[in-house]
Amino acid sequence: MSSLPDYPDGLYRKIAGRRVTLFCGHYGSGKSTVAMSFAAMLRASLPAGTPVAVADLDIVNPYFRTKDCEEDLGRLGIELIASEYASSNVDLPAMPESAYRITEDRSLHTVIDVGGDDRGALAMGRYASALLAEGDFDMLAVINRFRPLTAAPADAAEVMREIELACGLPFSGIVNCSNLGSATTPEVIEESFGYAEEVSRLCGLPVRFTAVMRGLCGSFEEKTPVLPLDFTISHGGIENR
Amino acid sequence: MSEKVLMKGNEAIAEAAISCGCRHYFGYPITPQTEIAAYMAKRMPKIGGTFLQAESEIAAINMVIGAASAGVRVMTSSSSPGVSLKSEGISYMAGCDLPALIVNVQRGGPGLGGIQPSQSDYFQATRGGGHGDYHLLVLAPASVQEMAAMTVRAFDLADKYRMPCMLLADGTMGQMMEPVELGESTGGTVDKPWALTGTGMSRKHNIINSLSLTPDELERWNVDRYARYAKVERDEVLYEEYLCDDAEIVVVGFGIAARVAKNAVNAARAEGIKAGMFRPITLWPFPKKAMFERAKTARAFISVELSMGQMIEDIELAVRCTRPVTLCSRVGGMIPSPAEVKKSIEDAHAKLDGRN
């Protein structure tokens with residue numbers, strides 16, 4: 001991707017507004033793709049000159065991660081905050097020192113891609129008190145009906161509770177990112193709305209938006225706001241689809 | 001579970017193992033295969049199975065020996081350095097004729113190497129790794145769907161031939177996500193009269209052991225085992241050919257390398273070069289007969305590997321040096337690009353002139 005894509009009118013107002021947005025959830029649900037696409041939407045919506053960053057704070061995933069899209073993000077004018085060891089040849093679950101900018105630099109609009117499940121979310125605890133003190137963040141749970149371990153709404157809700165306990169921050173909403181990779185069709189997404197509503201009912205939080213590959217966005221806007229997804233994560237030339 | 005789901009290759013291995021009756025997993029975490037253990041840790045307690053994180057890879061493989069001796073479906077998984085640690089136990093399993101699944105999601109080596117994908121454990125997998133005369137039955141999947149299918153097949157073949165089977169994948173295959181349809185549960189109901197299940201005071205006790213007190217007995221065990229290996233070589237070879245019928249250049253690759261090779265073959269075809277792809281699915285037994293037949297029509301072979309050139313030796317043996325075989329490889333965690341493979345095809349094609 002070399003230039004910012006278009007977004008539906010008013011999308012920013014409907015789904016964003018906080019300085020820091022965290023995306024957490026079961027690994028493989030689509031957090032990284034959602035985080036990068038959300039950051040691109042912020043970049044397109046916020047006034048020119050407002051700094052926007054994506055923080056890859058995943059300490060779990062060895063590859064196929066936000067860091068693999070560093071060049072794409074750079075071209076769009078989105079800063080990447082990531083450990084220098086991310087996507088490298090060593091297995092160091094380290095947090096980058098630049099992550100302190102997320103809480104210290106209050107002019108920076110940051111989208112945080114948190115690692116999978118409670119194990120990945122544990123590291124966020126380091127920043128929890130500062131985020132709570134400022135009170136200008138949104139923590140959203142990314143769910144995917146087609147991931148076997150969270151295919152039951154109750155299991156998805158359980159993962160959300162485990163994440164909250166691990167990082168010490170409360171969720172404020174749900175992102176339905178139900179997809180089957182390259183086999184995703186409009187019917188697949190249609191099928192997931194009931195699932196997302198059930199997860200919403202179980203945890204008492206609203207479905208804030210549905211995240212859909214741009215080519216499939218179609219007419220889902222009647223049900224929830226829709227964030228078009230624009231990134232394909234490729235590692236060593238192999239696409240994750 | 002028969003509907004389509006989205007899974008990592010590592011998860012597909014774990015779920016497929018459960019679907020075919022595996023209720024015992026012993027392992028030790030190592031990138032890039034840790035999701036297998038993580039998945040088992042979540043699932044096994046819910047279905048009455050056993051997940052145990054051992055204190056080391058060596059402990060894990062010895063627990064596998066114990067469970068396999070008791071006749072249950074059991075598996076372990078690791079990545080390259082961890083498989084080296086397990087190699088002693090794997091040799092003991094071969095010597096005891098014990099069925100089990102060992103998964104190697106390869107990373108770069110030698111030594112600690114790196115966590116990025118590799119195929120440089122080909123020799124270790126196909127030539128033993130441990131000591132003594134033995135083979136593993138080695139399966140090399142090339143998609144998440146195949147990760148699942150080959151896991152079930154590996155358990156079935158292990159039980160059928162009473163030998164340890166290895167699923168040889170690489171970090172990319174383990175980490176990548178693809179839609180997958182998992183088959184219905186099969187349960188794995190193979191009768192194992194040799195297993196240590198207690199005599200119930202109604203039969204003579206079974207002995208599982210790799211130690212023989214007399215050399216002539218040990219010789220007989222080895223010879224009998226190799227008679228079984230001969231059946232495996234005859235009946236269980238698997239491979240895929242893609243556009244090979246009229247191909248002058250045949251690109252050989254397994255696992256992730258085959259996916260790259262297929263793209264390169266399509267690109268070469270688009271430019272009028274008659275290229276094809278040959279993908280060994282069983283690495284032992286290697287599809288040497290089929291490859292020798294293919295060498296009667298193809299004029300040159302290229303081995304695409306994420307190693308310094310290991311499978312290339314099997315290709316050369318299979319075609320009995322009737323055709324030139326060249327290597328296209330990247331190592332250290334790098335993956336050959338379709339453009340690099342296509343360049344190798346073009347180079348091999350350019351050298352064809354004047355040869356028949």
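1. Rings of Phe, Tyr and Trp (its six-membered ring) pair if their centres lie within 6.5 Å; planes under 30 degrees apart count as stacked, over 60 as edge-to-face and the rest as tilted. By this rule there are twelve aromatic pairs over all chains.

2. This is a predicted model, in which local features need pLDDT of at least 70, side-chain atom pairs count only at pLDDT 80 or more, and totals for chains, interfaces and linings use all residues. Residues are numbered from 1 along each chain as its sequence is written, chains are lettered from A and ligands numbered from 1 in the order in which they are written, and side-chain values use heavy atoms, leaving out hydrogens and water.

3. With ring centres 5.2 Å apart and planes at 70°, A:F23 and A:F38 are edge-to-face. A:F23 belongs to strand β1 (residues 20-25) of chain A and A:F38 to helix α2 (residues 31-45) of chain A, so the pair ties together parts 15 residues apart in sequence. Helices (H or I, at least four residues) and strands (E, at least two) are DSSP runs, numbered from the N terminus.

4. A:F38 also forms a stacked pair with A:F209, at 6.0 Å centre to centre and 20° between the planes. A:F209 is in strand β7 (residues 207-213) of chain A, 171 residues from A:F38.

5. Buried means under 20% relative accessible area (1.4 Å probe, protein chains only). A:F23 is buried; A:F38 is buried at 1%, and A:F209 is buried at 0%.

Notes
Buried < 20%, exposed > 50% of the residue type's maximum accessible area, 1.4 Å probe, protein only.
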